[in-house]
Amino acid sequence: MDKQLKLDITFMNMAKEVAKLSYCQRHKVGALIVREGNISSFGYNGTPSGMDNCCEDTQYVSTDAYSWIDEETISIKWPLIDENGKRYRLITKKETLHAESNAILKAAKSGVSTDNSTLYITLSPCIDCAKLILQSGIKRVVYSEEYKDVSGIEFLRKFISIEKLEYEV
């Protein structure tokens, strides 16, 4: 195993540990910014400082939906069941910050440069975070899991190095 792969695995494992700090229920995402072999910043998805740590709202299926939506669709769209047997889903609040945004903002607040650094992230970035990544000077992104919308990584591939870490970490 080459040195870069060893480093990638180590830093991705650290990003996965950072993800465990998230209070979000749907996806716990962690990010690590590394520059010249040193960790510059880290972040996880969550609400801004000073807000409660609840990242999602609960949305219940309405009782009248059972009259016009088939049971299979209801079980797919509202996959969770509470203690009373009611189906619901979790909707991410608009104010929730993504892990990579938090890591970049934390570096900026501390006056730490992200130029020519590598971002390790447990879930590939959305398009909005991809623009922030590009603007921050990050030159390489390594992710372990693909987000359902791949427009962020497709955008970044035009400008910087994007790699999915295929190695089991």
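Predicted model: local features only at pLDDT ≥ 70, side-chain atom pairs only at ≥ 80, totals over all residues.
Tutor: Local features here need pLDDT of at least 70, side-chain atom pairs count only at pLDDT 80 or more, and totals for chains, interfaces and linings use all residues. Residues are numbered from 1 along each chain as its sequence is written, and side-chain values use heavy atoms, without hydrogens and water.

Student: Why are Cys24 and Cys55 called a disulfide?

Tutor: A disulfide is a pair of cysteine sulfur atoms within 2.5 Å. The sulfur atoms of Cys24 and Cys55 are 2.3 Å apart, so they form a disulfide. A search of the whole structure finds one disulfide.

Student: What makes the disulfide of Cys24 and Cys55 left-handed?

Tutor: The torsion about its S-S bond is about -75 degrees, so the disulfide is left-handed.

Student: How do you know that Cys126 is in no disulfide?

Tutor: The nearest cysteine sulfur, that of Cys129, is 3.7 Å away. The limit is 2.5 Å, so Cys126 and Cys129 do not count as a disulfide.

Student: Why is Cys126 called buried?

Tutor: Buried means under 20% relative accessible area, exposed over 50%, and partly exposed in between (1.4 Å probe, protein chains only). Cys126 has 14% relative accessibility, so Cys126 is buried. Cys129 has 4%, so Cys129 is buried too.

Student: What makes Glu36 exposed?

Tutor: Its relative accessible area is 73%, so Glu36 is exposed. Glu36 also has a positive phi of about 55 degrees, although it is not a glycine. Most residues other than glycine have a negative phi.

Student: Why is Asn116 called exposed?

Tutor: The relative accessible area of Asn116 is 57%, so Asn116 is exposed. Its phi is near 55 degrees, a positive value.
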